[in-house]
Amino acid sequence: MLKWEEVHEQVDELIKQYSIKNANKSLTIKFDGRLEDVYQFCLLKAYDCWNRFKDLLMEESRQKVQQTLAIALDM
């Protein structure tokens, strides 16, 4: 069973990747906000996803969370 702490770590890592990916681009972020807003949005998405899939096998639920966050960040 996937623990919330593990999901939180995934969000942290994806936010790092996202900020690095977009650091040198002058693109408008679809969230129209600061990185903190993106982080909060991802935490909410991750929690919702984790809550739905936490009873699956650990690897399955980890993949579901990663897919959801990647879609949310357009990565």
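How many residues does helix 3 have, and how far does helix 3 reach from its first C-alpha to its last? Helix 3 has 15 residues and reaches 21 Å. That is close to the 21 Å expected at 1.5 Å a residue, where the expected span is 1.5 Å times one less than the number of residues. Helices are DSSP runs (H or I, at least four residues), numbered from the N terminus.

The model is predicted: local features need pLDDT of at least 70, side-chain atom pairs count only at pLDDT 80 or more, and totals for chains, interfaces and linings use all residues. Residues are numbered from 1 along each chain as its sequence is written, and side-chain values use heavy atoms, with hydrogens and water left out.

The buried residues of helix 3 are Ser 61, Val 65, Leu 69 and Ala 72. Buried means under 20% relative accessible area, exposed over 50%, and partly exposed in between (1.4 Å probe, protein chains only). Seen down the helix axis, these residues fall within an arc of 70°, so they line one face of helix 3. The arc is taken over the directions from the helix axis to the C-beta atoms. Just after helix 3, Asp 74 takes a positive phi of about 55°.

The largest nonpolar core has 16 residues. Such a core is a set of buried Ala, Val, Leu, Ile, Met, Phe, Trp, Tyr and Cys residues joined through side-chain atoms within 4.5 Å. Val 11, Cys 42, Val 65 and Leu 69 touch the most other members. Helix 1 (4-22), helix 2 (35-53) and helix 3 (58-72) each supply at least two residues. Helix 2 gives the most, with seven.
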